[in-house]
Amino acid sequence: MPRFTVHIRDEWLAVPCRDTTSTIRWLGQEALKRYIKNKPDNGGITALKDTRFVVRRCQGLGLLDADDTIEDVLEDNDFVELAIEGDTMSPDFIPCEPGVSHLYPQTFRFFISLDGSSLTSTDLVNLGKGLYKIKLTPEAERKVVQSRDLLDTIVKENKVVYGITTGFGKFARTVIPVSKLKELQENLVRSHSSGVGNPLSPERTRMLLALRINVLAKGHSGISLETLHAMIQAFNASCLSFVPEKGTVGASGDLAPLSHLALGLMGEGKMWSPKSGWADAKYEIYPWLLRGLALINGTQMITSLGAEAVERAQAIARQADIIAALTLEVLKGTTKAFDSDIHMLRPHPGQIEVAQRFRSLLDSDHHPSQIAESHRFCDRVQDAYTMRCCPQVHGVANDTIKFVQNIINTEINSATDNPMVFADRGETISGGNFHGEYPAKALDFLAIAVHELASISERRIERLCNPSLSELPAFLVNEGGLNSGFMIAHCTAAALVSENKVLCHPSSVDSLSTSAATEDHVSMGGWAARKALRVVEHVEQVLAIELLAACQGIEFLRPLRTTTPLEKVYELVRSVVKPWIKDRFMSPDIEAVHRLLLDQKVWNVAKPYIDKYQTEYIPESRPVSPTAFSLESPASPRKRVRHE
């Protein structure tokens, strides 16, 4: 039976078609029915028959006439998009296949100027999303030209320089005739394009290409300005090479992925663009015949994936504090453990920061809570570690993220080629900056630290679901037995945490000798980066389940209300997921809340209250402890001051 994949908003739906003489209008209506069925609130669509939409192919953007028959305009397994008229949630364009890309054609008004020294992980992620085009600074162009001039001089004088007039790796002592240098560079890219596995998404390929351009802009690679401008042109047009995710050992740099990146720009292999999806590179763009060791030697795949991992880790870590605070409210915990004096006696910056966030969300003097007031005079002295020790556990994750972000940002703006071209000294030097040990070790550390946010979250989910620990209905649902509620959602969280335990084994502790023992110690940083991203995604999903469970717990405490910022978080969740009255299909709920976390909407809702609290409730002036950054010294007594 023919089947078509229809994209509606953020969902891909498989729609079987028994009769291909049916119209495109029928296909659109059938897809909308399936979309509405999967949404707890019908996706906000109140009347299907009154919903107006347009349908178009994903490849080529061709609009389809609603009265055309399916067999006349589509082929089996085609991908199409349905855009609801007047709907801000329907994008102007979607990718060529599900899960591949969210890059949309747009009019770029802003550029990021690359100089090889000032790019950040945040910038790189935004470049990956297609929010900016790039250009070089005049100073970067000057350095690139100087570096290339030196390289041209070396070739003219028939000097022997590794990778320029010699072979590579084990063939470093093989001198190549000048007449074959062009063939040498092209052969290098072709032979090293030996990766396997799924391709990087277009967003991640954009990050990879942007980062390689930034490194080349430092002016120590010997690349020609013409070639670098061609790479920028490809980036700005989102003409992106097919880059398999597997094949790098992280020294000598990410040779296989970067070779695939260069191969497409040579007009070989496959490339992706927003208008055509995947296509043969020779038809996709004008082949610029880019070539050379300067294009493929560096740690840019490890670092670009690492940049995404650390940015997402930072986003979920601060939202984890908000989610845990909401859980503590639902479980009627005490806020005494977050007293600032406790944390100033152990002044780790992350611990102090997390405790301060908890106070800003739970302080009953600042944000009255009917739930907190209902158990003010209970006899509970202290809570379980999963609530009481959040500043200590979440705190070290925060500090680790900052540590890793510093390493990634340093790596983003580092020259990692070999050989290095020093135009001011008039020489080239072979070194080892291509070794990926720095980002590999950092990303292994990141995975270990961020995983703990999911580990402690899963235990809080257990407390929410277990009536002997929560005083709430078992699995947060009425008519238990008939309904299972959050029983298996908790199992999902446990499964993700267990999977993370394996993924947290450091890849950088392994090394295998390659290239006939020339490259006899490697970092395995590519896998460190890929699994760090998987760990972070699992953490996001576990915390999405906890947030759903905490909001469901609130339903059983009504009409009591929590603090104002936490009520705002509850309202945000309820804008996409309705309360759990009886069992229903839960995966869409988890996905919807996961999207809130990815978009940092939970943080954006709570942040104004956190910021306001921190400006109104501050410590008296006292000596500053260098270990606590700008926070107060633990040696001095503390008094809370409210500014009127």
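This is a predicted model: local features need pLDDT of at least 70, side-chain atom pairs count only at pLDDT 80 or more; totals for chains, interfaces and linings use all residues.
Author: Residues are numbered from 1 along each chain as its sequence is written, and side-chain values use heavy atoms, with hydrogens and water left out.

Reader: How many helices and strands are there in the chain, and what makes a run count as one or the other?

Author: The chain has 22 helices and 16 strands; these are DSSP runs numbered from the N terminus, with at least four residues (H or I) for a helix and at least two (E) for a strand.

Reader: Why is Ser430 called partly exposed?

Author: Buried means under 20% relative accessible area, exposed means over 50%, and partly exposed is in between, using a 1.4 Å probe and protein chains only. Ser430 has 49% relative accessibility and therefore counts as partly exposed. The residue lies in the loop between strand E14 (427–429) and helix H16 (437–465).

Reader: What does Ser430 touch, not counting residues up to four places away in sequence?

Author: Contact means heavy atoms within 4.5 Å, and on that basis Ser430 touches Tyr162, Asn418 and Pro419. The C-alpha atoms of Ser430 and Tyr162 are separated by 7.5 Å, although these residues are 268 residues apart along the chain.

Reader: Which residues of H1 are buried, and what do they pack against?

Author: The buried residues of H1 are Ile24, Leu27, Gly28, Glu30, Ala31, Leu32, Tyr35 and Ile36. They pack against several elements, among them strand E1 (3–8), strand E2 (11–16) and helix H2 (70–73).

Reader: What makes a set of residues a nonpolar core, and how many residues has the largest?

Author: A nonpolar core is a set of buried Ala, Val, Leu, Ile, Met, Phe, Trp, Tyr and Cys residues joined through side-chain atoms within 4.5 Å. The largest has 136 residues, and Leu443 is one of those with the most contacts inside it. This core draws at least three residues from each of domain 2 (111–297) and domain 3 (306–512 + 519–616), bounds that come from an automatic or database domain assignment. A second, separate core of 22 residues includes Val15, Cys17, Leu32 and Phe53.

Reader: Why is one side of E2 and of E4 left without a neighbour in the sheet?

Author: Two strands pair if DSSP finds at least two bridges between them. Five strands form an open sheet in the order E2-E1-E5-E3-E4, with mixed pairing. E2 and E4 stand at the edges, each with a single partner strand, so one side of each has no neighbour in the sheet. E3 and E4 pair in the antiparallel sense over 2 bridges, and Arg56 stands opposite Leu63 in E4.
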